[in-house]
Amino acid sequence: MTQSGLRDRVARLRRAYAPHEHRPLGGYLVAMGTYAGVTAALAALVRATGRPVPDRPAPADVVLLGIATHKLSRLLSKDAVTSPLRAPFTRYDRPSGSGEVMEQVRDSGSSTRHAIGELLSCPFCLAVWVATGLTGGLVLAPRTTRLVATALTAVAASDFLQMAYAVSQQAAEGGRQED
């Protein structure tokens, strides 16, 4: 099948799938293909280096990588400081508190650009990629990966403590106004 034939089939499928809404199925295919390629490259690198792959990851590593994945995916997808990474694919909408911003995906341009915008502005979507990278790092460079994951986990814990402190401070100030 030619590339234009494939594009036509994807366009027909997109119209049948979501006739009243723009869904960038072609861009999603590119993103999935890229993810599959990155995952295959990680697997090939693991095989080429002869690194052992554990039968089961240690529960402590699962927890550490889970929290680190949460923090890194939020940092990349929502943090105001990382907005230059998302700017080619998203448009600033408004602040959303705690140093985070809300952004809208740019609809103009290619379906790939749109799909990348959705990926980069969604911490849930980006978490799959982050977890894959951290898991590959755990096999290829376990000490470094654990150190980085520990730092990210510490920042995530700090974030939750900062938010709890702010809530308790607001509750205390609210109680004083009633006295």
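Q: How many helices and strands does the secondary structure of the protein chain come to?
A: In this predicted model, the protein chain has 7 helices and 2 strands. From the N terminus on, the elements run α-α-α-α-β-β-α-α-α.

Q: What makes the protein chain more spread out than a compact globule?
A: The globule rule gives 16 Å for 179 residues, whereas the radius of gyration here is 21 Å, so the chain counts as more spread out than a compact globule. Along the principal axes, the C-alpha atoms fill a box of roughly 75 × 50 × 25 Å.

Q: Why are α3 and α6 called oblique to each other?
A: Helix α3 covers residues 59-78 and helix α6 covers residues 123-140, and they pack at an angle of about 130 degrees. Angles over 145 count as roughly antiparallel and 65 to 115 as roughly perpendicular, with the rest oblique. The two helices are therefore oblique. Their axes lie 8 Å apart, and the crossing is right-handed.

Q: Which residues of α3 meet α6?
A: On the α3 side they are Asp61, Leu65, Ala68, Thr69, Leu72, Ser73, Arg74, Leu76, Ser77 and Lys78. Their partners in α6 are Pro123, Leu126, Ala127, Val130, Ala131, Leu134, Thr135 and Leu138. By class, this contact of α3 with α6 has 11 nonpolar, 4 polar and 3 charged residues.

Q: At what angle do α2 and α5 pack?
A: Helix α2 (residues 25-49) packs with α5 at an angle of about 65 degrees, with their axes 7 Å apart. The crossing of α2 and α5 is right-handed. Gly26, Gly27, Tyr28 and Val30 of α2 touch Ser111, Thr112, Ala115 and Glu118 of α5. These residues divide into 3 nonpolar, 4 polar and 1 charged.

Q: Which residues does the annotation "transmembrane region" cover?
A: According to the unreviewed UniProt entry, the annotation covers residues 25-46 and 119-141.

Q: What is the chain made of over residues 25-46?
A: Over residues 25-46 the chain is 100% helix and 0% strand, and the end C-alpha atoms are 31 Å apart.

Q: What is the helix percentage over residues 119-141?
A: Over residues 119-141 the chain is 87% helix and 0% strand. The end C-alpha atoms of this stretch are 26 Å apart.

Methods. Residues numbered from 1 in each chain as written. Predicted model: local features only at pLDDT ≥ 70, side-chain atom pairs only at ≥ 80, totals over all residues. Heavy atoms only, no water. Axes fitted to C-alpha atoms, helices over the stretch in contact; angles between N-to-C directions. Helix = DSSP H or I, 4+ residues; strand = E, 2+ residues; numbered from the N terminus. Parallel < 35°, antiparallel > 145°, perpendicular 65-115°, else oblique. Left-handed = near helix turned anticlockwise from the far one by under 90°. Contact = heavy atoms within 4.5 Å. Nonpolar A, V, L, I, M, F, W, Y, C, P; charged D, E, K, R; others polar. UniProt positions renumbered as here; feature names shortened; annotations may be inferred. Rg over C-alpha atoms; globule rule 2.2 N^0.38 Å.
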